[in-house]
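Please open the model in a viewer and keep the sequence panel at hand. The stops below are arranged so that each selection leads to the next.

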Amino acid sequence: MAFLTNIDGRLLKEMIIDGAAMLEHNKAAVDALNVFPVPDGDTGTNMSLTMMSAVKELSAVDSAEVSVVAAAAARGALKGARGNSGVILSQLFRGFSEGMKNLATADAAAFAGALKLGADRAYKAVMKPREGTILTVARAVADSAQDFAVRQTDFSALLPRMIESGNETLKRTPDLLPVLKEAGVVDSGGAGLMAIYLGYKMAVDGEEIENVSDIAKNLTALMEKPAAQIEAGAATGAASDAGGEIEFGYCTETFITPLKEGTDEKDANALRDKLMEFGDCVLVVLDENLIKVHCHSNDPGRVLRYCIRLGELDNVKVENMRSQHRTLIAEAQDLHEDAVPPMEKDVGFVAVAAGEGLAALFRDLTVDEIVQGGQTMNPSTEDIVKAVQRCKSRTTFVLPNNKNIVMAAQQAAELLQDRTVVVVPTKTVPQGVAAMIAYVPDASVDENRARMEEAAQAVRSGSVTYAVRDSSFDGKEIHEHDILGLDEGKVAFVGTEVSSVTMDLLRSMVGPDSELITLFYGADVSEKDAEALRGQIEQDFPQCELEMLAGGQPLYYYLFSVE
(Lines give C-alpha, C1' and ligand atoms only; values in the text may rest on other atoms or scores of the structure.)
Protein backbone atom coordinates (compact mmCIF):
# COMPACT_ATOMS: atom_id res chain seq x y z
CA MET A 1 0.00 0.00 0.00
CA ALA A 2 1.16 3.55 -0.72
CA PHE A 3 2.63 5.66 2.09
CA LEU A 4 -0.18 7.08 4.24
CA THR A 5 0.42 9.88 6.72
CA ASN A 6 -3.12 10.66 7.92
CA ILE A 7 -6.57 9.13 8.03
CA ASP A 8 -9.80 11.12 7.72
CA GLY A 9 -13.26 10.48 9.11
CA ARG A 10 -14.37 8.40 6.16
CA LEU A 11 -11.51 5.94 6.52
CA LEU A 12 -11.97 5.79 10.29
CA LYS A 13 -15.63 4.95 9.70
CA GLU A 14 -14.61 2.13 7.36
CA MET A 15 -12.16 0.84 9.96
CA ILE A 16 -14.82 0.68 12.67
CA ILE A 17 -17.38 -0.96 10.38
CA ASP A 18 -14.86 -3.58 9.24
CA GLY A 19 -13.76 -4.10 12.84
CA ALA A 20 -17.38 -4.79 13.78
CA ALA A 21 -17.77 -7.18 10.83
CA MET A 22 -14.62 -9.08 11.75
CA LEU A 23 -15.79 -9.51 15.33
CA GLU A 24 -19.38 -10.37 14.40
CA HIS A 25 -18.28 -13.32 12.32
CA ASN A 26 -15.74 -14.55 14.80
CA LYS A 27 -17.88 -14.05 17.89
CA ALA A 28 -18.61 -17.77 18.24
CA ALA A 29 -14.88 -18.50 18.32
CA VAL A 30 -14.41 -15.74 20.91
CA ASP A 31 -17.35 -17.06 22.94
CA ALA A 32 -15.70 -20.48 22.94
CA LEU A 33 -12.75 -18.99 24.83
CA ASN A 34 -14.91 -18.14 27.83
CA VAL A 35 -13.49 -20.04 30.76
CA PHE A 36 -16.65 -20.30 32.84
CA PRO A 37 -18.86 -22.99 31.24
CA VAL A 38 -22.26 -21.64 32.39
CA PRO A 39 -24.86 -20.12 30.02
CA ASP A 40 -24.01 -16.47 30.54
CA GLY A 41 -23.70 -13.36 28.38
CA ASP A 42 -20.60 -14.55 26.52
CA THR A 43 -17.79 -12.15 25.73
CA GLY A 44 -17.83 -12.34 21.93
CA THR A 45 -21.57 -11.85 21.74
CA ASN A 46 -21.58 -8.92 24.17
CA MET A 47 -18.66 -7.20 22.44
CA SER A 48 -20.24 -7.73 19.03
CA LEU A 49 -23.57 -6.23 20.15
CA THR A 50 -21.66 -3.26 21.55
CA MET A 51 -19.84 -2.78 18.23
CA MET A 52 -23.08 -3.06 16.28
CA SER A 53 -24.51 -0.26 18.39
CA ALA A 54 -21.49 1.86 17.48
CA VAL A 55 -21.99 1.08 13.78
CA LYS A 56 -25.68 1.97 14.03
CA GLU A 57 -24.76 5.37 15.46
CA LEU A 58 -22.26 5.83 12.63
CA SER A 59 -24.98 5.19 10.03
CA ALA A 60 -26.41 8.66 10.69
CA VAL A 61 -23.01 10.37 10.48
CA ASP A 62 -21.57 11.70 7.25
CA SER A 63 -18.41 13.61 8.06
CA ALA A 64 -14.82 13.67 6.88
CA GLU A 65 -13.56 14.65 10.35
CA VAL A 66 -12.15 11.95 12.63
CA SER A 67 -13.41 13.80 15.71
CA VAL A 68 -17.04 13.54 14.57
CA VAL A 69 -16.76 9.86 13.61
CA ALA A 70 -14.94 8.91 16.82
CA ALA A 71 -17.50 10.73 18.95
CA ALA A 72 -20.39 8.96 17.22
CA ALA A 73 -18.76 5.54 17.62
CA ALA A 74 -18.11 6.24 21.30
CA ARG A 75 -21.69 7.37 21.80
CA GLY A 76 -23.08 4.26 20.14
CA ALA A 77 -20.77 1.91 22.03
CA LEU A 78 -21.62 3.63 25.29
CA LYS A 79 -25.37 3.24 24.76
CA GLY A 80 -25.15 -0.32 23.48
CA ALA A 81 -22.57 -1.65 25.95
CA ARG A 82 -23.54 -5.11 27.23
CA GLY A 83 -21.80 -7.12 29.89
CA ASN A 84 -18.49 -6.25 31.48
CA SER A 85 -16.59 -6.84 28.23
CA GLY A 86 -18.92 -4.50 26.34
CA VAL A 87 -18.59 -1.79 28.97
CA ILE A 88 -14.79 -2.02 28.85
CA LEU A 89 -14.91 -1.85 25.04
CA SER A 90 -17.13 1.24 25.23
CA GLN A 91 -14.60 2.88 27.54
CA LEU A 92 -11.84 2.15 25.03
CA PHE A 93 -13.90 4.01 22.42
CA ARG A 94 -14.71 6.78 24.86
CA GLY A 95 -11.06 7.47 25.62
CA PHE A 96 -10.17 7.14 21.93
CA SER A 97 -12.80 9.78 21.12
CA GLU A 98 -11.24 12.14 23.65
CA GLY A 99 -7.92 11.73 21.85
CA MET A 100 -9.55 12.55 18.51
CA LYS A 101 -11.31 15.69 19.82
CA ASN A 102 -11.13 18.71 17.48
CA LEU A 103 -9.12 16.79 14.86
CA ALA A 104 -10.07 16.74 11.18
CA THR A 105 -7.51 14.04 10.39
CA ALA A 106 -5.24 11.87 12.51
CA ASP A 107 -1.64 10.86 11.98
CA ALA A 108 0.03 7.86 13.59
CA ALA A 109 1.01 9.81 16.70
CA ALA A 110 -2.51 11.15 17.28
CA PHE A 111 -4.06 7.71 16.70
CA ALA A 112 -1.60 6.06 19.09
CA GLY A 113 -2.22 8.73 21.72
CA ALA A 114 -5.97 8.17 21.43
CA LEU A 115 -5.50 4.41 21.88
CA LYS A 116 -3.53 5.15 25.04
CA LEU A 117 -6.28 7.41 26.40
CA GLY A 118 -8.76 4.63 25.69
CA ALA A 119 -6.70 2.03 27.55
CA ASP A 120 -6.25 4.38 30.51
CA ARG A 121 -9.99 5.09 30.70
CA ALA A 122 -10.83 1.39 30.50
CA TYR A 123 -8.47 0.61 33.40
CA LYS A 124 -10.10 3.33 35.49
CA ALA A 125 -13.57 1.94 34.76
CA VAL A 126 -12.74 -1.37 36.44
CA MET A 127 -12.68 -1.28 40.23
CA LYS A 128 -10.08 -4.05 40.52
CA PRO A 129 -8.38 -4.42 37.12
CA ARG A 130 -6.69 -7.76 36.51
CA GLU A 131 -3.81 -8.44 34.18
CA GLY A 132 -4.24 -11.16 31.59
CA THR A 133 -7.50 -9.63 30.35
CA ILE A 134 -8.66 -7.33 27.54
CA LEU A 135 -7.17 -4.47 29.57
CA THR A 136 -3.68 -5.92 29.26
CA VAL A 137 -4.05 -6.42 25.52
CA ALA A 138 -5.45 -2.90 24.99
CA ARG A 139 -2.58 -1.32 26.91
CA ALA A 140 0.06 -3.37 25.07
CA VAL A 141 -1.39 -2.36 21.70
CA ALA A 142 -1.47 1.31 22.72
CA ASP A 143 2.09 1.21 24.03
CA SER A 144 3.40 -0.43 20.87
CA ALA A 145 1.52 2.12 18.73
CA GLN A 146 3.07 5.02 20.65
CA ASP A 147 6.53 3.49 20.37
CA PHE A 148 6.03 3.10 16.62
CA ALA A 149 4.77 6.66 16.16
CA VAL A 150 7.91 8.10 17.74
CA ARG A 151 10.02 6.49 15.03
CA GLN A 152 7.77 6.33 11.94
CA THR A 153 4.98 8.32 10.30
CA ASP A 154 3.53 5.75 7.86
CA PHE A 155 0.04 5.07 9.17
CA SER A 156 -0.37 2.00 6.95
CA ALA A 157 2.55 0.39 8.79
CA LEU A 158 1.08 1.20 12.21
CA LEU A 159 -1.74 -1.34 12.12
CA PRO A 160 0.51 -4.38 11.41
CA ARG A 161 2.63 -3.40 14.41
CA MET A 162 -0.50 -3.14 16.57
CA ILE A 163 -1.65 -6.58 15.42
CA GLU A 164 1.75 -8.14 16.07
CA SER A 165 2.08 -6.65 19.55
CA GLY A 166 -1.52 -7.43 20.51
CA ASN A 167 -1.29 -11.05 19.49
CA GLU A 168 2.02 -11.50 21.30
CA THR A 169 0.39 -10.19 24.45
CA LEU A 170 -2.75 -12.26 23.89
CA LYS A 171 -0.65 -15.43 23.76
CA ARG A 172 0.85 -14.51 27.14
CA THR A 173 -2.47 -13.97 28.93
CA PRO A 174 -2.56 -17.56 30.30
CA ASP A 175 0.74 -16.84 32.07
CA LEU A 176 -0.85 -13.81 33.74
CA LEU A 177 -4.18 -15.37 34.72
CA PRO A 178 -3.99 -18.93 36.12
CA VAL A 179 -7.62 -19.71 35.34
CA LEU A 180 -6.84 -19.25 31.63
CA LYS A 181 -3.86 -21.58 31.83
CA GLU A 182 -5.94 -24.24 33.55
CA ALA A 183 -8.55 -24.07 30.81
CA GLY A 184 -5.92 -23.94 28.07
CA VAL A 185 -7.25 -20.76 26.42
CA VAL A 186 -6.32 -17.13 26.00
CA ASP A 187 -8.45 -14.25 27.27
CA SER A 188 -11.68 -14.00 25.30
CA GLY A 189 -11.97 -10.22 25.61
CA GLY A 190 -8.45 -9.75 24.32
CA ALA A 191 -9.19 -12.07 21.40
CA GLY A 192 -12.31 -10.06 20.57
CA LEU A 193 -10.33 -6.82 20.62
CA MET A 194 -7.72 -8.25 18.26
CA ALA A 195 -10.47 -9.29 15.83
CA ILE A 196 -11.62 -5.66 15.80
CA TYR A 197 -8.12 -4.34 15.20
CA LEU A 198 -7.60 -6.85 12.40
CA GLY A 199 -10.71 -5.40 10.76
CA TYR A 200 -9.13 -1.95 11.11
CA LYS A 201 -6.05 -3.20 9.27
CA MET A 202 -8.08 -4.63 6.41
CA ALA A 203 -9.82 -1.28 5.90
CA VAL A 204 -6.54 0.65 5.90
CA ASP A 205 -4.93 -1.83 3.50
CA GLY A 206 -7.96 -1.74 1.22
CA GLU A 207 -8.11 -5.54 1.27
CA GLU A 208 -11.19 -7.70 1.05
CA ILE A 209 -11.70 -9.34 4.40
CA GLU A 210 -12.85 -12.65 2.94
CA ASN A 211 -9.51 -13.13 1.23
CA VAL A 212 -7.52 -12.90 4.44
CA SER A 213 -6.98 -15.81 6.81
CA ASP A 214 -4.98 -13.76 9.33
CA ILE A 215 -7.61 -14.17 12.03
CA ALA A 216 -7.25 -17.94 11.92
CA LYS A 217 -3.45 -17.72 11.72
CA ASN A 218 -3.23 -15.27 14.60
CA LEU A 219 -5.35 -17.37 16.93
CA THR A 220 -4.11 -20.81 15.87
CA ALA A 221 -3.60 -23.03 18.91
CA LEU A 222 -5.41 -20.47 21.04
CA MET A 223 -8.90 -21.68 20.13
CA GLU A 224 -10.15 -25.21 19.86
CA LYS A 225 -12.03 -24.38 16.67
CA PRO A 226 -10.64 -22.25 13.83
CA ALA A 227 -12.30 -18.89 13.47
CA ALA A 228 -14.93 -18.50 10.82
CA GLN A 229 -13.98 -17.30 7.36
CA ILE A 230 -14.98 -13.69 6.94
CA GLU A 231 -16.79 -12.34 3.96
CA ALA A 232 -17.39 -8.64 4.23
CA GLY A 233 -16.51 -5.84 1.88
CA ALA A 234 -14.83 -2.71 3.14
CA ALA A 235 -17.19 0.24 3.22
CA THR A 236 -16.32 2.94 0.72
CA GLY A 237 -17.53 5.96 2.64
CA ALA A 238 -19.89 8.61 1.32
CA ALA A 239 -19.07 12.11 0.17
CA SER A 240 -21.23 14.81 1.66
CA ASP A 241 -22.43 17.76 -0.33
CA ALA A 242 -21.92 21.39 0.63
CA GLY A 243 -25.12 21.40 2.64
CA GLY A 244 -24.00 18.49 4.88
CA GLU A 245 -26.80 16.20 3.70
CA ILE A 246 -26.43 12.42 3.83
CA GLU A 247 -25.64 11.15 0.32
CA PHE A 248 -27.25 7.73 0.79
CA GLY A 249 -30.51 8.03 2.66
CA TYR A 250 -31.57 4.45 3.38
CA CYS A 251 -29.93 1.72 5.45
CA THR A 252 -31.04 -1.68 4.16
CA GLU A 253 -30.38 -4.93 6.01
CA THR A 254 -31.57 -8.43 5.26
CA PHE A 255 -30.72 -12.11 5.53
CA ILE A 256 -30.76 -14.18 2.35
CA THR A 257 -31.84 -17.63 3.49
CA PRO A 258 -32.27 -20.29 2.33
CA LEU A 259 -29.85 -19.70 -0.52
CA LYS A 260 -30.49 -21.02 -4.00
CA GLU A 261 -28.70 -24.26 -4.70
CA GLY A 262 -25.13 -23.73 -5.84
CA THR A 263 -24.75 -20.24 -4.34
CA ASP A 264 -21.16 -19.80 -3.19
CA GLU A 265 -18.51 -17.22 -2.32
CA LYS A 266 -18.23 -16.12 -5.94
CA ASP A 267 -21.92 -15.15 -5.97
CA ALA A 268 -21.59 -13.30 -2.66
CA ASN A 269 -18.57 -11.40 -3.99
CA ALA A 270 -20.48 -10.44 -7.13
CA LEU A 271 -23.41 -9.20 -5.04
CA ARG A 272 -21.10 -7.08 -2.93
CA ASP A 273 -19.45 -5.58 -6.03
CA LYS A 274 -22.85 -4.75 -7.54
CA LEU A 275 -24.12 -3.06 -4.38
CA MET A 276 -20.98 -0.98 -4.11
CA GLU A 277 -21.72 0.48 -7.55
CA PHE A 278 -24.65 2.47 -6.17
CA GLY A 279 -24.24 2.40 -2.37
CA ASP A 280 -21.75 2.48 0.48
CA CYS A 281 -21.09 0.85 3.87
CA VAL A 282 -21.62 -2.46 2.08
CA LEU A 283 -21.28 -5.68 4.04
CA VAL A 284 -22.02 -9.03 2.39
CA VAL A 285 -21.27 -11.89 4.78
CA LEU A 286 -21.57 -15.54 3.76
CA ASP A 287 -22.12 -18.06 6.57
CA GLU A 288 -23.13 -21.59 5.54
CA ASN A 289 -26.66 -21.34 4.06
CA LEU A 290 -27.11 -17.67 4.86
CA ILE A 291 -25.89 -14.32 3.57
CA LYS A 292 -26.19 -11.21 5.73
CA VAL A 293 -26.41 -7.96 3.77
CA HIS A 294 -25.99 -4.36 4.93
CA CYS A 295 -26.00 -1.45 2.46
CA HIS A 296 -26.57 2.31 2.43
CA SER A 297 -28.22 3.50 -0.78
CA ASN A 298 -30.94 5.76 -2.19
CA ASP A 299 -32.88 2.81 -3.60
CA PRO A 300 -33.53 0.03 -1.03
CA GLY A 301 -35.77 -1.73 -3.53
CA ARG A 302 -32.85 -2.09 -5.91
CA VAL A 303 -30.72 -3.57 -3.11
CA LEU A 304 -33.39 -6.15 -2.34
CA ARG A 305 -33.91 -7.02 -6.02
CA TYR A 306 -30.25 -8.00 -6.33
CA CYS A 307 -30.40 -9.92 -3.05
CA ILE A 308 -33.45 -11.97 -4.00
CA ARG A 309 -31.57 -13.38 -6.98
CA LEU A 310 -29.54 -15.50 -4.52
CA GLY A 311 -32.41 -16.84 -2.40
CA GLU A 312 -35.28 -15.92 -0.12
CA LEU A 313 -35.25 -12.73 1.95
CA ASP A 314 -35.75 -12.84 5.71
CA ASN A 315 -35.76 -10.20 8.45
CA VAL A 316 -35.74 -7.27 6.01
CA LYS A 317 -35.14 -3.88 7.65
CA VAL A 318 -35.03 -0.50 5.93
CA GLU A 319 -34.29 2.66 7.92
CA ASN A 320 -34.50 6.27 6.74
CA MET A 321 -31.15 7.70 7.84
CA ARG A 322 -32.05 11.25 6.85
CA SER A 323 -35.00 11.08 9.23
CA GLN A 324 -32.74 9.64 11.93
CA HIS A 325 -30.26 12.43 11.29
CA ARG A 326 -32.96 15.08 11.72
CA THR A 327 -34.06 13.42 14.94
CA LEU A 328 -30.50 13.40 16.27
CA ILE A 329 -30.17 17.10 15.49
CA ALA A 330 -33.44 17.83 17.29
CA GLU A 331 -32.35 15.78 20.31
CA ALA A 332 -29.04 17.58 20.39
CA GLN A 333 -30.85 20.92 20.37
CA ASP A 334 -33.04 19.75 23.24
CA LEU A 335 -29.96 18.74 25.22
CA HIS A 336 -28.34 22.06 24.42
CA GLU A 337 -31.37 23.79 25.87
CA ASP A 338 -30.97 21.69 29.02
CA ALA A 339 -34.40 20.18 28.62
CA VAL A 340 -35.04 18.08 31.73
CA PRO A 341 -38.07 15.75 31.90
CA PRO A 342 -40.36 16.49 34.85
CA MET A 343 -39.89 14.30 37.91
CA GLU A 344 -43.12 12.96 39.37
CA LYS A 345 -41.90 11.35 42.61
CA ASP A 346 -39.00 11.28 45.02
CA VAL A 347 -37.83 7.65 44.82
CA GLY A 348 -38.06 4.92 42.18
CA PHE A 349 -36.64 1.43 41.67
CA VAL A 350 -35.30 -0.45 38.64
CA ALA A 351 -34.45 -4.16 38.76
CA VAL A 352 -33.06 -6.55 36.16
CA ALA A 353 -34.83 -9.90 36.02
CA ALA A 354 -35.59 -12.70 33.58
CA GLY A 355 -38.82 -14.61 33.93
CA GLU A 356 -42.36 -13.51 34.72
CA GLY A 357 -42.29 -14.96 38.21
CA LEU A 358 -39.20 -12.97 39.20
CA ALA A 359 -40.58 -9.85 37.54
CA ALA A 360 -43.86 -10.20 39.46
CA LEU A 361 -41.97 -10.67 42.73
CA PHE A 362 -39.97 -7.47 42.23
CA ARG A 363 -43.15 -5.58 41.32
CA ASP A 364 -44.70 -6.83 44.57
CA LEU A 365 -41.66 -5.36 46.32
CA THR A 366 -42.57 -1.94 44.78
CA VAL A 367 -40.03 -2.01 41.93
CA ASP A 368 -41.27 0.41 39.25
CA GLU A 369 -39.41 -0.81 36.15
CA ILE A 370 -38.24 -4.30 35.25
CA VAL A 371 -35.44 -4.60 32.71
CA GLN A 372 -35.71 -8.00 31.08
CA GLY A 373 -32.33 -9.67 31.26
CA GLY A 374 -29.87 -11.75 33.21
CA GLN A 375 -27.80 -14.74 32.15
CA THR A 376 -27.24 -14.77 28.34
CA MET A 377 -29.40 -11.65 28.07
CA ASN A 378 -27.27 -8.84 29.44
CA PRO A 379 -29.18 -5.58 28.91
CA SER A 380 -27.38 -2.63 27.40
CA THR A 381 -26.47 0.58 29.18
CA GLU A 382 -29.17 2.30 27.15
CA ASP A 383 -31.80 -0.24 28.29
CA ILE A 384 -31.05 0.69 31.89
CA VAL A 385 -30.95 4.43 31.13
CA LYS A 386 -34.40 4.27 29.55
CA ALA A 387 -35.81 2.30 32.49
CA VAL A 388 -34.51 4.89 34.94
CA GLN A 389 -35.98 7.69 32.83
CA ARG A 390 -39.37 5.96 32.81
CA CYS A 391 -39.36 6.00 36.60
CA LYS A 392 -39.52 9.83 36.56
CA SER A 393 -38.06 9.89 40.05
CA ARG A 394 -35.54 12.28 41.56
CA THR A 395 -33.67 9.35 43.11
CA THR A 396 -33.64 5.90 41.51
CA PHE A 397 -32.16 2.74 43.00
CA VAL A 398 -30.94 0.23 40.38
CA LEU A 399 -30.54 -3.48 41.15
CA PRO A 400 -28.51 -5.25 38.40
CA ASN A 401 -28.91 -8.69 40.03
CA ASN A 402 -26.06 -10.13 37.96
CA LYS A 403 -22.30 -9.65 38.22
CA ASN A 404 -22.06 -9.13 34.46
CA ILE A 405 -24.57 -6.25 34.53
CA VAL A 406 -23.19 -4.18 37.41
CA MET A 407 -20.77 -2.23 35.22
CA ALA A 408 -23.47 -1.42 32.64
CA ALA A 409 -25.69 -0.14 35.46
CA GLN A 410 -22.88 2.01 36.84
CA GLN A 411 -22.23 3.40 33.37
CA ALA A 412 -25.93 4.24 33.02
CA ALA A 413 -25.77 6.14 36.31
CA GLU A 414 -22.86 8.21 35.00
CA LEU A 415 -24.86 9.17 31.91
CA LEU A 416 -27.87 10.38 33.90
CA GLN A 417 -26.71 13.71 35.26
CA ASP A 418 -30.18 15.17 35.80
CA ARG A 419 -31.10 12.92 38.74
CA THR A 420 -29.60 10.80 41.49
CA VAL A 421 -29.03 7.18 40.49
CA VAL A 422 -27.88 4.72 43.14
CA VAL A 423 -26.57 1.38 41.89
CA VAL A 424 -26.79 -1.28 44.57
CA PRO A 425 -24.26 -3.83 43.19
CA THR A 426 -26.43 -6.92 43.60
CA LYS A 427 -24.92 -9.90 41.76
CA THR A 428 -27.79 -12.35 42.14
CA VAL A 429 -31.59 -12.25 42.22
CA PRO A 430 -31.74 -13.28 45.91
CA GLN A 431 -29.43 -10.36 46.74
CA GLY A 432 -31.78 -8.04 44.87
CA VAL A 433 -34.79 -9.34 46.79
CA ALA A 434 -32.99 -8.89 50.12
CA ALA A 435 -31.96 -5.36 49.15
CA MET A 436 -35.54 -4.36 48.35
CA ILE A 437 -36.84 -5.80 51.62
CA ALA A 438 -34.22 -3.75 53.49
CA TYR A 439 -35.36 -0.44 52.02
CA VAL A 440 -36.92 1.97 54.56
CA PRO A 441 -39.01 4.84 53.11
CA ASP A 442 -38.22 7.26 55.92
CA ALA A 443 -34.43 6.77 55.78
CA SER A 444 -32.10 8.97 53.75
CA VAL A 445 -30.63 7.94 50.41
CA ASP A 446 -27.23 7.22 51.95
CA GLU A 447 -28.76 5.26 54.82
CA ASN A 448 -30.80 3.15 52.41
CA ARG A 449 -27.81 2.55 50.18
CA ALA A 450 -25.89 1.18 53.17
CA ARG A 451 -28.86 -0.87 54.41
CA MET A 452 -29.52 -2.40 51.00
CA GLU A 453 -25.87 -3.25 50.33
CA GLU A 454 -25.52 -4.81 53.78
CA ALA A 455 -28.66 -6.91 53.29
CA ALA A 456 -27.47 -8.09 49.88
CA GLN A 457 -24.09 -9.13 51.24
CA ALA A 458 -25.72 -11.10 54.06
CA VAL A 459 -27.43 -13.42 51.58
CA ARG A 460 -25.69 -16.59 50.43
CA SER A 461 -26.79 -17.35 46.88
CA GLY A 462 -26.84 -20.63 45.02
CA SER A 463 -27.92 -21.67 41.54
CA VAL A 464 -28.24 -24.79 39.44
CA THR A 465 -27.70 -24.77 35.68
CA TYR A 466 -25.91 -26.77 32.99
CA ALA A 467 -22.54 -26.60 31.25
CA VAL A 468 -22.53 -25.13 27.75
CA ARG A 469 -19.02 -26.34 26.90
CA ASP A 470 -16.32 -28.76 27.99
CA SER A 471 -14.03 -27.12 30.50
CA SER A 472 -11.51 -27.64 33.26
CA PHE A 473 -12.29 -25.31 36.13
CA ASP A 474 -11.09 -25.22 39.75
CA GLY A 475 -9.64 -28.68 39.27
CA LYS A 476 -12.98 -30.08 38.04
CA GLU A 477 -13.38 -31.72 34.65
CA ILE A 478 -16.65 -30.43 33.24
CA HIS A 479 -18.39 -31.76 30.14
CA GLU A 480 -21.03 -30.11 28.02
CA HIS A 481 -24.55 -30.67 29.43
CA ASP A 482 -23.29 -31.58 32.91
CA ILE A 483 -25.44 -30.17 35.73
CA LEU A 484 -23.60 -27.51 37.74
CA GLY A 485 -24.25 -26.36 41.31
CA LEU A 486 -22.88 -22.86 41.90
CA ASP A 487 -22.17 -21.45 45.36
CA GLU A 488 -21.81 -17.65 45.11
CA GLY A 489 -21.07 -18.09 41.41
CA LYS A 490 -18.34 -20.70 41.89
CA VAL A 491 -18.71 -24.28 40.68
CA ALA A 492 -19.20 -26.39 43.78
CA PHE A 493 -20.82 -29.55 42.40
CA VAL A 494 -20.93 -31.30 39.04
CA GLY A 495 -23.36 -34.10 38.27
CA THR A 496 -25.93 -35.50 35.89
CA GLU A 497 -29.19 -35.09 37.88
CA VAL A 498 -30.72 -31.70 38.66
CA SER A 499 -32.32 -32.72 41.95
CA SER A 500 -29.23 -34.47 43.34
CA VAL A 501 -26.91 -31.57 42.46
CA THR A 502 -29.39 -29.14 44.02
CA MET A 503 -29.55 -31.11 47.26
CA ASP A 504 -25.76 -31.51 47.40
CA LEU A 505 -25.40 -27.76 46.99
CA LEU A 506 -27.99 -27.01 49.69
CA ARG A 507 -26.36 -29.40 52.14
CA SER A 508 -23.07 -27.55 51.70
CA MET A 509 -24.69 -24.13 52.15
CA VAL A 510 -27.13 -24.67 55.01
CA GLY A 511 -25.45 -24.26 58.37
CA PRO A 512 -26.55 -24.69 61.99
CA ASP A 513 -27.62 -21.04 62.14
CA SER A 514 -29.55 -21.05 58.87
CA GLU A 515 -33.24 -20.20 59.23
CA LEU A 516 -34.67 -19.51 55.79
CA ILE A 517 -34.30 -21.07 52.33
CA THR A 518 -35.87 -19.16 49.44
CA LEU A 519 -36.00 -21.06 46.16
CA PHE A 520 -37.08 -19.94 42.67
CA TYR A 521 -37.65 -22.67 40.11
CA GLY A 522 -37.11 -21.95 36.43
CA ALA A 523 -39.01 -22.28 33.18
CA ASP A 524 -37.56 -25.75 32.52
CA VAL A 525 -38.73 -27.19 35.86
CA SER A 526 -42.23 -28.61 36.14
CA GLU A 527 -44.38 -27.87 39.17
CA LYS A 528 -44.36 -31.61 39.91
CA ASP A 529 -40.55 -31.72 40.04
CA ALA A 530 -40.45 -28.56 42.14
CA GLU A 531 -42.88 -30.06 44.65
CA ALA A 532 -40.84 -33.26 44.82
CA LEU A 533 -37.77 -31.16 45.63
CA ARG A 534 -39.76 -29.30 48.27
CA GLY A 535 -40.40 -32.60 50.06
CA GLN A 536 -36.70 -33.45 50.05
CA ILE A 537 -35.72 -30.03 51.39
CA GLU A 538 -38.31 -30.08 54.17
CA GLN A 539 -37.15 -33.56 55.16
CA ASP A 540 -33.42 -32.71 55.18
CA PHE A 541 -33.70 -29.23 56.73
CA PRO A 542 -36.63 -29.25 59.18
CA GLN A 543 -35.07 -26.33 61.11
CA CYS A 544 -35.42 -23.99 58.08
CA GLU A 545 -38.49 -22.22 56.79
CA LEU A 546 -38.86 -22.83 53.03
CA GLU A 547 -40.30 -20.38 50.51
CA MET A 548 -40.64 -21.77 46.99
CA LEU A 549 -41.77 -19.60 44.07
CA ALA A 550 -42.11 -20.07 40.31
CA GLY A 551 -39.44 -17.70 39.04
CA GLY A 552 -39.81 -18.67 35.39
CA GLN A 553 -36.16 -17.84 34.71
CA PRO A 554 -34.61 -19.45 31.63
CA LEU A 555 -31.49 -21.65 31.65
CA TYR A 556 -31.20 -21.85 35.44
CA TYR A 557 -33.20 -24.70 36.96
CA TYR A 558 -33.05 -23.21 40.45
CA LEU A 559 -31.98 -19.96 42.07
CA PHE A 560 -31.99 -19.90 45.85
CA SER A 561 -30.73 -18.13 48.92
CA VAL A 562 -29.88 -19.30 52.41
CA GLU A 563 -30.23 -16.89 55.33
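**A hairpin and its sheet**

Begin by selecting β14 and β15, which form a hairpin with two residues between them. In the turn, E488 has a positive phi of about 55°. Please bear in mind throughout that this is a predicted model. Strand β14 covers residues 483–487 and pairs with β15 in the antiparallel sense, over five bridges. To see one of the bridges, display D487, whose partner in β15 is K490.

Now extend the selection to the whole sheet. Six strands make up this open sheet, in the order β15-β14-β11-β18-β16-β17, and the pairing is mixed. Which strands stand at the edges? They are β15 (490–495) and β17 (545–550); each has a single partner strand, so one side of each is left without a neighbour in the sheet. Viewed along the sheet, neighbouring strands are turned by 20° against each other on average, direction ignored.

Select F520 to find its bridge partner in β17, L549.

Return to β14 and select the loop between β13 (476–478) and β14, where H481 is found. H481 has a phi near 80°, a positive value in a residue other than glycine. Most residues other than glycine have a negative phi.

**A parallel sheet**

Select β7, β8, β9 and β10 together. These four strands form an open sheet in the order β8-β7-β9-β10, with parallel pairing. At its edges stand β8 (369–372) and β10, each with a single partner strand, so one side of each is left without a neighbour in the sheet. Neighbouring strands are turned by 20° against each other on average in this sheet, direction ignored.

Which residue forms a salt bridge with R121? Display E98: the closest N and O atoms of this pair are 2.7 Å apart. The pair links distant parts of the chain, with R121 in helix α6 (residues 108–125) and E98 in helix α5 (residues 83–100), 23 residues apart. A search of the whole structure finds 27 salt bridges.

**A cis peptide bond**

Is the peptide bond from T257 to P258 cis or trans? The bond is cis, with omega near -5°. P258 lies in strand β3, which covers residues 250–259. Most peptide bonds are trans.

Definitions and conventions: Residues are numbered from 1 along each chain as its sequence is written. This is a predicted model: local features need pLDDT of at least 70, side-chain atom pairs count only at pLDDT 80 or more; totals for chains, interfaces and linings use all residues. Side-chain values use heavy atoms; hydrogens and water are left out. Two strands pair if DSSP finds at least two bridges between them. Axes are lines fitted to C-alpha atoms, for helices over the stretch in contact, and angles run from 0 to 180 degrees between N-to-C directions. A salt bridge is a side-chain nitrogen of Lys or Arg within 4 Å of a carboxyl oxygen of Asp or Glu.
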